[in-house]
Amino acid sequence: MLIKTYGAAVQGIDAIVVTIEVSVHQGVGFSLVGLPDTAVKESFQRVQTALAQCGMKWPHRAVVVNMSPADVRKEGAAYDLPIALGILAASEQMSGESMAGYMIMGEMSLDGSVLPIRGALPMAIKARELGFKGLILPKANVTEAAVVNNLEVYGVENLREVMGFFDGSCHLEPTVINTREEFGRAQSDFDCDFSEVKGQENVKRAFEVACAGGHNILLVGAPGAGKSMMAKRLPSILPPLTLQEALETTKIHSVAGKLKRGSMLMTTRPFRAPHHTISPVALVGGGTYPVPGEISLAHNGVLFLDEFPEFSRQVLEVMRQPLEDGHISIARARYSIDYPAGFMLVASMNPCPCGYYNHPTKECTCPPGAVTKYLGRISGPLMDRIDLQVEIMPVPFEELSSAAPGESSETIRARVIKARAIQSHRYKGIAGVHCNAQMTSRLLERYCRLDEECMRVLETAMKRFDMSARAYDRIRKVARTIADIDYSSSLPIEEAAVAPILVHHMAEAISYRNLDRSTWGASTDFPASRH
(Lines give C-alpha, C1' and ligand atoms only; values in the text may rest on other atoms or scores of the structure.)
Protein backbone atom coordinates (compact mmCIF):
# COMPACT_ATOMS: atom_id res chain seq x y z
CA MET A 1 0.00 0.00 0.00
CA LEU A 2 1.27 3.50 -0.89
CA ILE A 3 0.67 6.49 1.44
CA LYS A 4 1.77 10.12 1.07
CA THR A 5 2.43 12.51 3.94
CA TYR A 6 3.76 16.05 3.68
CA GLY A 7 6.56 17.83 5.51
CA ALA A 8 8.89 20.73 4.71
CA ALA A 9 12.56 21.51 4.24
CA VAL A 10 14.03 24.92 5.07
CA GLN A 11 16.28 26.63 2.53
CA GLY A 12 17.58 30.01 3.62
CA ILE A 13 14.70 31.46 5.64
CA ASP A 14 11.95 29.96 3.47
CA ALA A 15 10.44 26.47 3.38
CA ILE A 16 9.71 24.13 0.50
CA VAL A 17 7.21 21.27 0.73
CA VAL A 18 8.57 17.73 0.96
CA THR A 19 6.36 14.81 -0.09
CA ILE A 20 7.08 11.66 1.93
CA GLU A 21 5.92 8.56 0.08
CA VAL A 22 5.79 5.32 2.06
CA SER A 23 5.29 1.93 0.41
CA VAL A 24 4.85 -1.32 2.33
CA HIS A 25 4.95 -4.41 0.10
CA GLN A 26 6.17 -8.01 -0.02
CA GLY A 27 9.76 -8.55 0.93
CA VAL A 28 12.01 -7.51 3.81
CA GLY A 29 14.19 -4.53 4.64
CA PHE A 30 13.97 -0.76 5.04
CA SER A 31 15.02 1.77 2.38
CA LEU A 32 15.09 5.55 2.76
CA VAL A 33 15.83 7.56 -0.40
CA GLY A 34 15.63 11.20 -1.49
CA LEU A 35 18.99 12.71 -0.42
CA PRO A 36 18.60 12.31 3.39
CA ASP A 37 21.42 13.29 5.73
CA THR A 38 22.66 11.10 8.59
CA ALA A 39 20.05 12.37 11.06
CA VAL A 40 17.21 11.50 8.65
CA LYS A 41 18.66 8.04 7.97
CA GLU A 42 18.77 7.35 11.71
CA SER A 43 14.98 7.84 11.87
CA PHE A 44 14.64 4.08 11.26
CA GLN A 45 15.88 3.27 14.78
CA ARG A 46 13.88 6.06 16.44
CA VAL A 47 10.62 5.28 14.62
CA GLN A 48 10.89 1.52 15.10
CA THR A 49 11.45 1.85 18.86
CA ALA A 50 8.76 4.54 19.25
CA LEU A 51 6.16 2.37 17.49
CA ALA A 52 6.95 -0.52 19.83
CA GLN A 53 6.66 1.74 22.90
CA CYS A 54 3.25 2.96 21.68
CA GLY A 55 1.97 -0.61 21.25
CA MET A 56 2.13 -0.60 17.43
CA LYS A 57 3.88 -3.14 15.21
CA TRP A 58 6.68 -2.59 12.79
CA PRO A 59 5.55 -4.14 9.47
CA HIS A 60 7.55 -7.32 8.79
CA ARG A 61 7.67 -6.51 5.08
CA ALA A 62 9.67 -4.31 2.76
CA VAL A 63 9.33 -0.62 3.68
CA VAL A 64 10.43 2.01 1.15
CA VAL A 65 10.36 5.72 2.06
CA ASN A 66 10.93 8.27 -0.71
CA MET A 67 11.37 11.98 0.08
CA SER A 68 10.58 14.24 -2.85
CA PRO A 69 11.99 16.42 -4.41
CA ALA A 70 14.91 14.03 -4.46
CA ASP A 71 17.52 16.66 -5.40
CA VAL A 72 16.94 18.74 -2.24
CA ARG A 73 18.97 17.65 0.77
CA LYS A 74 16.82 16.68 3.78
CA GLU A 75 18.41 17.56 7.12
CA GLY A 76 17.60 16.91 10.77
CA ALA A 77 15.30 14.63 12.73
CA ALA A 78 12.08 16.61 12.13
CA TYR A 79 10.85 14.05 9.55
CA ASP A 80 10.40 11.31 12.18
CA LEU A 81 6.70 12.01 12.76
CA PRO A 82 5.53 12.07 9.10
CA ILE A 83 7.61 8.94 8.37
CA ALA A 84 6.10 7.10 11.36
CA LEU A 85 2.54 8.08 10.36
CA GLY A 86 3.20 7.05 6.77
CA ILE A 87 4.43 3.61 7.87
CA LEU A 88 1.41 3.10 10.16
CA ALA A 89 -1.06 4.12 7.44
CA ALA A 90 0.69 2.09 4.73
CA SER A 91 0.62 -1.01 6.97
CA GLU A 92 -3.11 -0.34 7.66
CA GLN A 93 -2.67 0.19 11.40
CA MET A 94 -4.40 3.57 11.17
CA SER A 95 -6.47 5.57 8.70
CA GLY A 96 -4.51 7.75 6.29
CA GLU A 97 -7.40 9.25 4.32
CA SER A 98 -7.26 12.76 5.79
CA MET A 99 -3.47 13.08 6.16
CA ALA A 100 -3.11 14.62 2.69
CA GLY A 101 -4.62 17.89 3.94
CA TYR A 102 -2.00 18.43 6.63
CA MET A 103 1.68 19.30 6.77
CA ILE A 104 3.29 17.28 9.58
CA MET A 105 6.70 17.75 11.21
CA GLY A 106 8.27 16.63 14.47
CA GLU A 107 11.25 14.82 15.94
CA MET A 108 10.38 11.70 17.94
CA SER A 109 11.83 10.38 21.15
CA LEU A 110 12.16 6.63 21.70
CA ASP A 111 9.05 6.65 23.89
CA GLY A 112 6.93 8.26 21.14
CA SER A 113 6.93 11.81 22.52
CA VAL A 114 7.33 14.63 19.98
CA LEU A 115 10.29 16.99 20.40
CA PRO A 116 10.78 20.62 19.21
CA ILE A 117 12.04 21.47 15.73
CA ARG A 118 13.57 24.45 13.93
CA GLY A 119 11.89 26.59 11.30
CA ALA A 120 8.25 26.17 12.39
CA LEU A 121 7.26 29.70 11.27
CA PRO A 122 8.47 29.44 7.63
CA MET A 123 6.84 25.98 7.47
CA ALA A 124 3.51 27.46 8.60
CA ILE A 125 3.78 30.25 6.03
CA LYS A 126 4.45 27.70 3.27
CA ALA A 127 1.57 25.46 4.44
CA ARG A 128 -0.88 28.36 4.20
CA GLU A 129 0.56 29.42 0.85
CA LEU A 130 0.02 25.93 -0.63
CA GLY A 131 -3.52 25.60 0.72
CA PHE A 132 -3.02 22.94 3.40
CA LYS A 133 -5.88 22.70 5.84
CA GLY A 134 -3.61 22.53 8.85
CA LEU A 135 -0.15 22.05 10.32
CA ILE A 136 0.72 19.44 12.97
CA LEU A 137 3.93 19.99 14.89
CA PRO A 138 5.39 19.72 18.43
CA LYS A 139 3.54 21.56 21.18
CA ALA A 140 6.70 23.53 21.99
CA ASN A 141 6.53 25.17 18.54
CA VAL A 142 2.79 25.74 18.31
CA THR A 143 2.68 29.40 19.45
CA GLU A 144 5.44 30.28 17.01
CA ALA A 145 3.53 28.82 14.05
CA ALA A 146 0.06 29.97 15.19
CA VAL A 147 0.84 33.60 14.32
CA VAL A 148 0.04 32.61 10.72
CA ASN A 149 -3.72 33.20 10.19
CA ASN A 150 -6.06 31.16 8.04
CA LEU A 151 -4.28 27.94 8.99
CA GLU A 152 -5.24 25.40 11.66
CA VAL A 153 -2.15 24.78 13.80
CA TYR A 154 -2.17 21.78 16.16
CA GLY A 155 0.44 21.17 18.84
CA VAL A 156 0.96 17.53 19.84
CA GLU A 157 2.96 15.89 22.62
CA ASN A 158 3.22 12.29 21.39
CA LEU A 159 2.55 9.92 18.50
CA ARG A 160 -0.67 8.54 20.04
CA GLU A 161 -2.32 11.99 19.91
CA VAL A 162 -1.67 12.30 16.19
CA MET A 163 -2.90 8.78 15.49
CA GLY A 164 -6.06 9.46 17.48
CA PHE A 165 -6.59 12.75 15.65
CA PHE A 166 -6.60 11.06 12.23
CA ASP A 167 -8.61 8.06 13.49
CA GLY A 168 -11.20 10.33 15.11
CA SER A 169 -10.66 8.99 18.63
CA CYS A 170 -8.81 12.07 19.91
CA HIS A 171 -10.00 15.65 19.58
CA LEU A 172 -7.34 18.34 19.19
CA GLU A 173 -8.07 22.07 19.43
CA PRO A 174 -6.17 24.33 17.03
CA THR A 175 -4.11 27.06 18.68
CA VAL A 176 -5.48 30.53 17.95
CA ILE A 177 -3.49 33.71 18.60
CA ASN A 178 -4.56 37.30 18.02
CA THR A 179 -1.31 38.28 16.32
CA ARG A 180 -1.79 42.04 16.22
CA GLU A 181 -2.95 42.25 19.82
CA GLU A 182 -0.04 40.19 21.14
CA PHE A 183 2.40 42.04 18.87
CA GLY A 184 1.33 45.48 20.04
CA ARG A 185 1.28 44.57 23.72
CA ALA A 186 5.02 44.03 24.25
CA GLN A 187 6.61 46.52 21.84
CA SER A 188 7.75 48.95 24.54
CA ASP A 189 9.07 46.42 27.03
CA PHE A 190 12.79 47.25 27.66
CA ASP A 191 15.07 46.48 30.59
CA CYS A 192 17.28 49.57 30.09
CA ASP A 193 16.50 53.25 29.61
CA PHE A 194 18.56 56.29 28.59
CA SER A 195 17.24 58.17 31.63
CA GLU A 196 19.71 56.09 33.66
CA VAL A 197 22.69 57.55 31.73
CA LYS A 198 24.36 60.52 33.41
CA GLY A 199 25.77 63.17 31.09
CA GLN A 200 27.04 62.22 27.60
CA GLU A 201 24.45 64.43 25.89
CA ASN A 202 26.49 64.65 22.68
CA VAL A 203 26.67 60.85 22.46
CA LYS A 204 22.94 60.51 23.11
CA ARG A 205 22.36 62.98 20.29
CA ALA A 206 24.59 60.92 17.99
CA PHE A 207 22.60 57.79 18.88
CA GLU A 208 19.36 59.61 18.16
CA VAL A 209 20.62 60.64 14.72
CA ALA A 210 21.87 57.10 14.02
CA CYS A 211 18.52 55.53 14.96
CA ALA A 212 16.49 58.14 13.08
CA GLY A 213 18.29 57.42 9.82
CA GLY A 214 19.43 53.80 10.31
CA HIS A 215 23.10 54.85 10.25
CA ASN A 216 26.11 52.87 11.45
CA ILE A 217 27.98 54.39 14.41
CA LEU A 218 31.40 53.93 16.04
CA LEU A 219 32.17 55.06 19.61
CA VAL A 220 35.78 55.70 20.61
CA GLY A 221 36.65 56.36 24.22
CA ALA A 222 38.59 55.34 27.31
CA PRO A 223 37.64 52.30 29.41
CA GLY A 224 34.67 53.05 31.66
CA ALA A 225 33.42 56.00 29.61
CA GLY A 226 30.07 54.28 29.07
CA LYS A 227 30.34 52.95 25.50
CA SER A 228 28.87 49.49 26.14
CA MET A 229 26.29 50.79 28.62
CA MET A 230 24.80 53.23 26.10
CA ALA A 231 25.00 50.78 23.20
CA LYS A 232 22.86 48.27 25.14
CA ARG A 233 20.17 50.94 25.52
CA LEU A 234 20.03 51.58 21.78
CA PRO A 235 17.07 49.23 21.05
CA SER A 236 14.92 51.31 23.44
CA ILE A 237 15.03 54.32 21.10
CA LEU A 238 14.77 52.47 17.79
CA PRO A 239 11.36 52.70 16.07
CA PRO A 240 9.08 49.71 16.80
CA LEU A 241 9.07 46.76 14.43
CA THR A 242 6.34 46.66 11.83
CA LEU A 243 4.38 43.42 11.61
CA GLN A 244 6.17 42.53 8.35
CA GLU A 245 9.59 43.17 9.91
CA ALA A 246 8.61 41.11 12.95
CA LEU A 247 7.62 38.15 10.75
CA GLU A 248 10.86 38.32 8.78
CA THR A 249 13.00 38.63 11.92
CA THR A 250 11.17 35.79 13.65
CA LYS A 251 11.66 33.55 10.58
CA ILE A 252 15.43 34.03 10.76
CA HIS A 253 15.59 33.22 14.47
CA SER A 254 13.24 30.25 13.98
CA VAL A 255 15.47 28.76 11.26
CA ALA A 256 18.54 29.29 13.46
CA GLY A 257 16.81 27.66 16.45
CA LYS A 258 17.22 30.80 18.56
CA LEU A 259 13.59 31.31 19.57
CA LYS A 260 12.71 30.57 23.18
CA ARG A 261 10.25 27.75 23.78
CA GLY A 262 6.67 29.02 23.68
CA SER A 263 7.62 32.32 22.05
CA MET A 264 5.56 33.95 19.30
CA LEU A 265 6.53 36.91 17.14
CA MET A 266 9.62 38.88 18.13
CA THR A 267 8.26 42.20 19.34
CA THR A 268 11.51 44.13 19.88
CA ARG A 269 14.39 44.66 17.52
CA PRO A 270 17.22 42.13 17.98
CA PHE A 271 20.44 43.17 19.68
CA ARG A 272 23.36 40.86 18.92
CA ALA A 273 26.75 41.30 20.60
CA PRO A 274 29.19 38.54 19.48
CA HIS A 275 32.57 38.16 21.19
CA HIS A 276 35.64 39.37 19.31
CA THR A 277 36.90 35.78 18.93
CA ILE A 278 34.01 34.96 16.54
CA SER A 279 34.89 33.27 13.23
CA PRO A 280 33.94 34.69 9.79
CA VAL A 281 31.45 31.84 9.21
CA ALA A 282 29.74 32.41 12.56
CA LEU A 283 29.43 36.11 11.75
CA VAL A 284 28.08 35.98 8.18
CA GLY A 285 26.53 32.50 8.21
CA GLY A 286 27.30 29.30 6.35
CA GLY A 287 28.89 26.04 7.42
CA THR A 288 28.53 22.54 6.01
CA TYR A 289 24.77 22.87 6.43
CA PRO A 290 24.26 26.65 6.11
CA VAL A 291 22.61 28.51 8.99
CA PRO A 292 22.16 32.27 9.52
CA GLY A 293 25.09 34.09 11.10
CA GLU A 294 25.14 36.96 13.58
CA ILE A 295 24.63 39.62 10.90
CA SER A 296 21.41 37.90 9.83
CA LEU A 297 20.26 37.36 13.43
CA ALA A 298 20.71 41.15 13.81
CA HIS A 299 18.49 41.83 10.76
CA ASN A 300 16.12 44.76 11.46
CA GLY A 301 18.07 45.39 14.66
CA VAL A 302 21.53 46.12 16.04
CA LEU A 303 24.86 44.32 15.67
CA PHE A 304 27.11 45.53 18.48
CA LEU A 305 30.84 44.86 18.12
CA ASP A 306 32.63 45.75 21.34
CA GLU A 307 36.43 46.08 21.23
CA PHE A 308 36.21 46.64 17.48
CA PRO A 309 39.95 46.42 16.60
CA GLU A 310 40.27 43.12 18.50
CA PHE A 311 38.16 41.32 15.89
CA SER A 312 40.31 39.60 13.27
CA ARG A 313 40.87 41.50 10.03
CA GLN A 314 39.19 38.71 8.05
CA VAL A 315 36.05 38.87 10.21
CA LEU A 316 35.72 42.63 9.78
CA GLU A 317 36.33 42.58 6.04
CA VAL A 318 33.59 40.02 5.32
CA MET A 319 31.08 42.57 6.66
CA ARG A 320 31.84 45.15 3.99
CA GLN A 321 29.52 43.75 1.32
CA PRO A 322 26.55 43.03 3.65
CA LEU A 323 26.84 46.56 5.04
CA GLU A 324 26.28 47.92 1.53
CA ASP A 325 23.82 45.35 0.14
CA GLY A 326 21.70 44.45 3.17
CA HIS A 327 21.95 40.71 2.50
CA ILE A 328 24.55 37.92 2.37
CA SER A 329 24.78 35.16 -0.24
CA ILE A 330 26.10 31.75 0.84
CA ALA A 331 27.20 29.83 -2.25
CA ARG A 332 27.62 26.07 -2.42
CA ALA A 333 28.38 23.76 -5.36
CA ARG A 334 24.71 22.84 -5.95
CA TYR A 335 22.83 25.85 -4.59
CA SER A 336 23.05 29.38 -3.26
CA ILE A 337 21.23 30.76 -0.21
CA ASP A 338 20.43 34.41 0.51
CA TYR A 339 20.06 35.55 4.12
CA PRO A 340 18.80 39.07 4.96
CA ALA A 341 21.39 41.24 6.73
CA GLY A 342 19.85 44.69 7.05
CA PHE A 343 21.41 45.53 10.40
CA MET A 344 22.58 48.70 12.09
CA LEU A 345 26.26 48.39 13.01
CA VAL A 346 27.25 49.83 16.40
CA ALA A 347 30.92 49.44 17.29
CA SER A 348 33.03 50.62 20.19
CA MET A 349 36.76 50.74 20.76
CA ASN A 350 39.49 52.20 22.93
CA PRO A 351 41.50 54.98 21.26
CA CYS A 352 44.80 53.14 21.73
CA PRO A 353 46.20 49.89 23.23
CA CYS A 354 46.43 51.36 26.76
CA GLY A 355 43.05 53.06 26.35
CA TYR A 356 43.93 56.60 27.48
CA TYR A 357 44.92 58.50 24.34
CA ASN A 358 43.33 61.98 24.45
CA HIS A 359 42.05 61.34 28.02
CA PRO A 360 41.50 64.58 29.97
CA THR A 361 43.22 63.39 33.18
CA LYS A 362 45.18 60.17 32.55
CA GLU A 363 48.35 59.97 30.50
CA CYS A 364 48.67 57.62 27.52
CA THR A 365 51.58 55.17 27.99
CA CYS A 366 51.66 53.80 24.43
CA PRO A 367 54.92 54.00 22.44
CA PRO A 368 55.25 56.43 19.50
CA GLY A 369 53.02 55.53 16.53
CA ALA A 370 50.84 53.14 18.54
CA VAL A 371 47.65 55.17 18.09
CA THR A 372 47.87 55.21 14.32
CA LYS A 373 48.82 51.52 14.25
CA TYR A 374 45.91 50.58 16.54
CA LEU A 375 43.38 52.49 14.43
CA GLY A 376 44.98 50.90 11.35
CA ARG A 377 43.54 47.52 12.38
CA ILE A 378 40.29 48.77 10.88
CA SER A 379 40.56 49.21 7.13
CA GLY A 380 39.77 52.49 5.43
CA PRO A 381 36.92 51.04 3.32
CA LEU A 382 35.24 49.64 6.44
CA MET A 383 35.69 52.90 8.37
CA ASP A 384 34.13 54.77 5.44
CA ARG A 385 31.01 52.63 5.77
CA ILE A 386 30.48 53.86 9.33
CA ASP A 387 28.44 57.05 9.06
CA LEU A 388 28.98 58.47 12.55
CA GLN A 389 32.34 58.29 14.31
CA VAL A 390 32.03 59.76 17.79
CA GLU A 391 34.68 60.35 20.42
CA ILE A 392 33.34 59.83 23.96
CA MET A 393 34.91 61.39 27.06
CA PRO A 394 34.55 60.20 30.69
CA VAL A 395 31.72 61.80 32.65
CA PRO A 396 32.85 64.34 35.30
CA PHE A 397 32.07 63.54 38.94
CA GLU A 398 29.60 66.42 39.17
CA GLU A 399 27.40 64.86 36.47
CA LEU A 400 27.79 61.31 37.83
CA SER A 401 26.64 62.39 41.29
CA SER A 402 23.68 64.39 39.97
CA ALA A 403 20.32 63.01 41.08
CA ALA A 404 18.48 64.49 38.12
CA PRO A 405 17.49 61.78 35.60
CA GLY A 406 18.44 62.19 31.97
CA GLU A 407 16.06 62.33 29.05
CA SER A 408 14.04 59.11 28.84
CA SER A 409 14.20 56.61 26.00
CA GLU A 410 10.48 57.16 25.39
CA THR A 411 11.04 60.87 24.67
CA ILE A 412 13.99 60.22 22.35
CA ARG A 413 12.13 57.41 20.64
CA ALA A 414 9.16 59.70 19.92
CA ARG A 415 11.46 62.03 17.94
CA VAL A 416 13.03 59.07 16.12
CA ILE A 417 9.59 57.76 15.12
CA LYS A 418 8.59 61.19 13.76
CA ALA A 419 11.79 61.39 11.70
CA ARG A 420 11.22 57.87 10.35
CA ALA A 421 7.65 58.82 9.41
CA ILE A 422 9.06 61.61 7.21
CA GLN A 423 11.42 59.12 5.54
CA SER A 424 8.62 56.59 5.01
CA HIS A 425 6.63 59.28 3.19
CA ARG A 426 9.67 60.37 1.17
CA TYR A 427 10.55 56.85 -0.02
CA LYS A 428 6.99 55.63 -0.43
CA GLY A 429 6.82 53.28 -3.40
CA ILE A 430 10.63 52.83 -3.65
CA ALA A 431 11.47 49.15 -3.10
CA GLY A 432 14.17 48.37 -0.55
CA VAL A 433 14.52 51.93 0.76
CA HIS A 434 12.93 52.75 4.13
CA CYS A 435 15.41 55.14 5.77
CA ASN A 436 18.08 57.66 4.81
CA ALA A 437 20.97 55.23 5.25
CA GLN A 438 19.57 53.11 2.39
CA MET A 439 19.49 55.95 -0.16
CA THR A 440 20.97 55.18 -3.58
CA SER A 441 23.09 57.66 -5.56
CA ARG A 442 20.05 58.72 -7.56
CA LEU A 443 18.01 59.37 -4.42
CA LEU A 444 20.93 61.29 -2.91
CA GLU A 445 20.94 63.69 -5.84
CA ARG A 446 17.20 64.09 -5.54
CA TYR A 447 16.76 64.56 -1.80
CA CYS A 448 20.16 65.81 -0.59
CA ARG A 449 20.72 68.81 -2.80
CA LEU A 450 22.91 71.45 -1.15
CA ASP A 451 22.87 75.21 -1.56
CA GLU A 452 26.09 77.17 -2.14
CA GLU A 453 26.74 77.79 1.55
CA CYS A 454 26.30 74.10 2.51
CA MET A 455 28.46 73.03 -0.42
CA ARG A 456 31.21 75.44 0.61
CA VAL A 457 31.22 74.09 4.19
CA LEU A 458 31.34 70.50 2.93
CA GLU A 459 34.08 71.27 0.41
CA THR A 460 36.24 72.85 3.12
CA ALA A 461 35.81 69.81 5.37
CA MET A 462 36.50 67.33 2.55
CA LYS A 463 39.76 69.04 1.61
CA ARG A 464 40.90 69.67 5.16
CA PHE A 465 40.21 66.15 6.42
CA ASP A 466 41.09 64.40 3.12
CA MET A 467 37.80 62.45 3.09
CA SER A 468 36.84 59.84 0.50
CA ALA A 469 33.95 59.98 -1.99
CA ARG A 470 32.03 57.47 0.18
CA ALA A 471 32.43 59.78 3.20
CA TYR A 472 31.06 62.61 1.05
CA ASP A 473 27.87 60.65 0.38
CA ARG A 474 27.49 59.54 3.97
CA ILE A 475 27.84 63.05 5.36
CA ARG A 476 24.98 64.14 3.09
CA LYS A 477 22.83 61.23 4.29
CA VAL A 478 23.48 62.09 7.93
CA ALA A 479 22.74 65.77 7.24
CA ARG A 480 19.43 64.71 5.69
CA THR A 481 18.58 62.77 8.85
CA ILE A 482 19.47 65.70 11.12
CA ALA A 483 17.23 67.91 8.98
CA ASP A 484 14.39 65.38 9.30
CA ILE A 485 14.68 65.43 13.11
CA ASP A 486 14.73 69.23 13.04
CA TYR A 487 11.70 69.57 10.76
CA SER A 488 9.67 66.78 12.41
CA SER A 489 8.45 69.11 15.15
CA SER A 490 7.79 72.18 13.00
CA LEU A 491 6.54 71.06 9.57
CA PRO A 492 3.89 68.64 8.27
CA ILE A 493 5.30 65.35 6.97
CA GLU A 494 4.70 66.27 3.30
CA GLU A 495 6.67 69.54 3.62
CA ALA A 496 9.40 68.09 5.85
CA ALA A 497 10.09 65.34 3.28
CA VAL A 498 11.27 67.94 0.73
CA ALA A 499 12.58 70.65 3.07
CA PRO A 500 16.19 71.76 2.38
CA ILE A 501 19.35 70.82 4.26
CA LEU A 502 20.66 73.90 6.09
CA VAL A 503 24.20 74.89 7.08
CA HIS A 504 23.83 73.88 10.75
CA HIS A 505 22.56 70.43 9.65
CA MET A 506 25.66 70.01 7.47
CA ALA A 507 28.01 71.27 10.20
CA GLU A 508 26.63 68.77 12.72
CA ALA A 509 26.93 65.92 10.19
CA ILE A 510 30.58 66.81 9.55
CA SER A 511 31.26 66.86 13.30
CA TYR A 512 30.39 63.16 13.43
CA ARG A 513 33.38 62.27 11.21
CA ASN A 514 36.05 62.99 13.83
CA LEU A 515 37.96 59.73 13.25
CA ASP A 516 38.97 60.28 9.65
CA ARG A 517 42.53 59.09 9.32
CA SER A 518 44.26 62.35 8.41
CA THR A 519 42.83 64.25 11.40
CA TRP A 520 42.76 61.88 14.38
CA GLY A 521 45.56 59.98 16.04
CA ALA A 522 48.09 61.01 13.39
CA SER A 523 48.96 64.56 14.44
CA THR A 524 51.86 63.40 16.59
CA ASP A 525 53.91 60.29 17.30
CA PHE A 526 53.82 61.08 21.03
CA PRO A 527 50.25 60.79 22.27
CA ALA A 528 51.12 61.97 25.78
CA SER A 529 52.11 65.38 24.41
CA ARG A 530 48.45 66.12 23.69
CA HIS A 531 47.59 66.42 27.41
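Q: In what order do the five strands of the open sheet stand, and is the pairing parallel or antiparallel?
A: Strands of a sheet pair through backbone hydrogen bonds, in either a parallel or an antiparallel way. In this predicted model, the open sheet has five strands in the order β11-β14-β17-β10-β18, and the pairing is parallel.

Q: Which strands stand at the edges?
A: β11 (271-272) and β18 do. Each has a single partner strand, so one side of each lacks a neighbour in the sheet.

Q: How many bridges join β10 to β17?
A: Four, and the two strands run parallel. β17 covers residues 344-349. Take Val 220: its bridge partner in β17 is Met 349.

Q: Which helix packs on the sheet, and which strands does the helix touch?
A: Helix α8, residues 201-213, touches β10, β17 and β18. The direction of α8 makes about 165° with that of β18.

Q: Which residues line the largest cavity?
A: Among them are Val 220, Gly 221, Tyr 357, His 359, Glu 391 and Ile 392. Two elements each give two or more residues to this lining: β10 (217-221) and β18 (388-392).

Q: What is the lining of the largest cavity like by class?
A: Eight residues are nonpolar, three are polar and one is charged.

Note on methods
Residues are numbered from 1 along each chain as its sequence is written. This is a predicted model: local features need pLDDT of at least 70, side-chain atom pairs count only at pLDDT 80 or more; totals for chains, interfaces and linings use all residues. Side-chain values use heavy atoms; hydrogens and water are left out. On a 1 Å grid over the protein atoms alone, a cavity is a set of points where a 1.4 Å probe fits but cannot get out, and a pocket is an open set with protein on both sides within 12 Å along at least five of seven lines; lining residues have an atom within 4 Å of a point. Ala, Val, Leu, Ile, Met, Phe, Trp, Tyr, Cys and Pro count as nonpolar, Asp, Glu, Lys and Arg as charged, and the others, Gly among them, as polar. Two strands pair if DSSP finds at least two bridges between them. Contact means heavy atoms within 4.5 Å. Axes are lines fitted to C-alpha atoms, for helices over the stretch in contact, and angles run from 0 to 180 degrees between N-to-C directions.
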